[in-house]
Amino acid sequence: MNYTVPKSHPKHAATRKVENVLVLQGGGSLGAFSCGVYKALAEENIKIDIVAGTSIGGINAAIIAGSKKDNNTPEKSLEEFWYELSDSSYEIIPETSAFVYDSSKRAYDYERIPSAANNAALFGVPKMFIPRWDFSNIFKDRDYFNPATWTYIYDHSPLRKTLDKYVDYDKLFLNKDINKSNNDIKRLILTAVNVLTAEPITFDSWKMQIKPNHLLATSAYPIYGFPSVEVDKGVYAWDGSLLSNTPVREVIAASPRNDKHIFIVENYPRVIDRLPSNMVEVLDRAKDIIFSDKTKHNIKMTKLVTRQIQLIEQLYDFYEQSDKQGVDPYQSKQIEKEYNELVNNYGAEIHTVMRITRNRIETPNVSKNANFSKKAIKDLIHQGRTKMLDVIKNFKEHTRSDQLRVKS
């Protein structure tokens, strides 16, 4: 838990609520860690008001917000989704063992080398993506025999069919009649980037109907060979993690008035305890840094804005209590207008930021986010649940236990 800030001005008590926000990073198979985190939140009966994500974090978020099952059990849908992916992963290339350099011991050790990432790279994960060279594409892909023209290597459209089992898209639009009076409907925020302009794109279920193409767009990571997705006429999108893997800024921009408790699920640790000791560890750490949370400045600026608005409110209280002699009536109206614009529409206070960070694997490698094996997925779900329960316990020990909103 990073910090706690003062309560809002008393005049906002009736109109400004506190939201619980869950922010999910991308990270391929590492996204199973978020599944465990959400399981723990559900067990503790903690209500999530906004769930935001990019890449696989966006996929997780969509299942949480739009679960086809009972609104009270999206964690079950999420877990089933991850086990379906792992069940579909191939085990054609067998695991091997070899002498691998253990940097902590500074010696070579005989270790098992998982083959799941190699299987995924060569054969895909059929419930999520398939390689373009798969024989099933021979008659569907006109450029199948002309790889010089390829702009993608893997087709992740199978993910659409898999998600159809888990996501009720009618729930992903607050203005739908069926959702207007349902307090259990969560606000969903996804991020992507415009391929042609490099501008960020935000998909917000309070402002638009989120559809399968938006889910494919938020997970269309080009460096791993996924194609761009047309989300509007002439607008082609790639994975939002190209700009930011932790969409806190988008949450604050979308909900600038309500105060917040923010849970950030970190698939990529920001801090490690020693320098990399070989090139594999260097590349592994570089990937951590590229995808790690960089929202510290955003949160710091939000704190600053909060302090400035609190100061404006104090000054405005003095202004209202003054006799206002010599103040031009037009100027007075402008001050009033600007005050209402700032204070009533902005000024959200971030009460707490809680980070749930995945453990580094014992033997770092650059393919850690492509291991969809059953064991890896199960271990990540277990780790996420355990870590989240520890965070909640720590939060309750250091604050009033009723600060987090719980399900009614």
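Residues are numbered from 1 along each chain as its sequence is written, and side-chain values use heavy atoms, with hydrogens and water left out. In this predicted model, local features require pLDDT of at least 70 and side-chain atom pairs count only at pLDDT 80 or more, whereas totals for chains, interfaces and linings use all residues.

With neighbours within four places in sequence set aside, Leu41 is in contact (heavy atoms within 4.5 Å) with Leu22, Ile46, Ile48, Phe263, Met388 and Ile392.

Burial was assigned from relative accessible area, with buried meaning under 20%, exposed over 50% and partly exposed in between (1.4 Å probe, protein chains only). Helices (H or I, at least four residues) and strands (E, at least two) are DSSP runs, numbered from the N terminus. Helix α2 (residues 56-66) is largely enclosed by the rest of the structure, because eleven of its eleven residues are buried. Among them are Ile56, Asn60, Ile63 and Gly66.

Side chains of opposite charge can pair when their charged atoms come close. The model contains 20 salt bridges, each defined as a side-chain nitrogen of Lys or Arg within 4 Å of a carboxyl oxygen of Asp or Glu. One of these joins Glu43 and Arg385, whose closest N and O atoms are 2.7 Å apart. Glu43 lies in helix α1 (residues 32-43) and Arg385 in helix α11 (residues 374-398), so the pair ties together parts that are 342 residues apart in sequence. Both partners are partly exposed, Glu43 with a relative accessible area of 43% and Arg385 with 27%.

A salt bridge is also formed by Glu84 and Lys127, with the closest N and O atoms 2.7 Å apart. This pair links distant parts of the chain, as Glu84 belongs to helix α3 (residues 74-88) and Lys127 to the loop between α4 (116-123) and β5 (130-131), 43 residues apart. Glu84 is buried at 12% relative accessible area, whereas Lys127 is partly exposed at 30%.

Between Arg360 and Asp284, the N to O distance of the salt bridge is 2.8 Å. Arg360 is located in the loop between β12 (350-357) and α11, and Asp284 in helix α8, 76 residues apart. Relative accessibility is 28% for Arg360, which is partly exposed, and 2% for Asp284, which is buried. Through shared partners, salt bridges join Asp284, Arg285, Asp288, Arg360 and Lys368 into one network.

Residues up to four places away in sequence excluded, Asp288 touches Tyr268, Pro269, Arg358, Arg360 and Lys368.

At the surface, Ile223, Tyr224, Leu242 and Leu243 form a nonpolar patch with about 360 Å² of accessible area together. Patches are made of residues with over 30% relative accessible area and no salt bridge, like charges being joined within 9 Å and nonpolar side chains (Val, Leu, Ile, Met, Phe, Trp, Tyr) within 5 Å. Accessible areas come from the Shrake-Rupley method with a 1.4 Å probe, and for residues only the protein chains shown count as cover. Leu242 lies in the loop between β10 (235-239) and α7 (248-254) and is partly exposed, at 34% relative accessibility.
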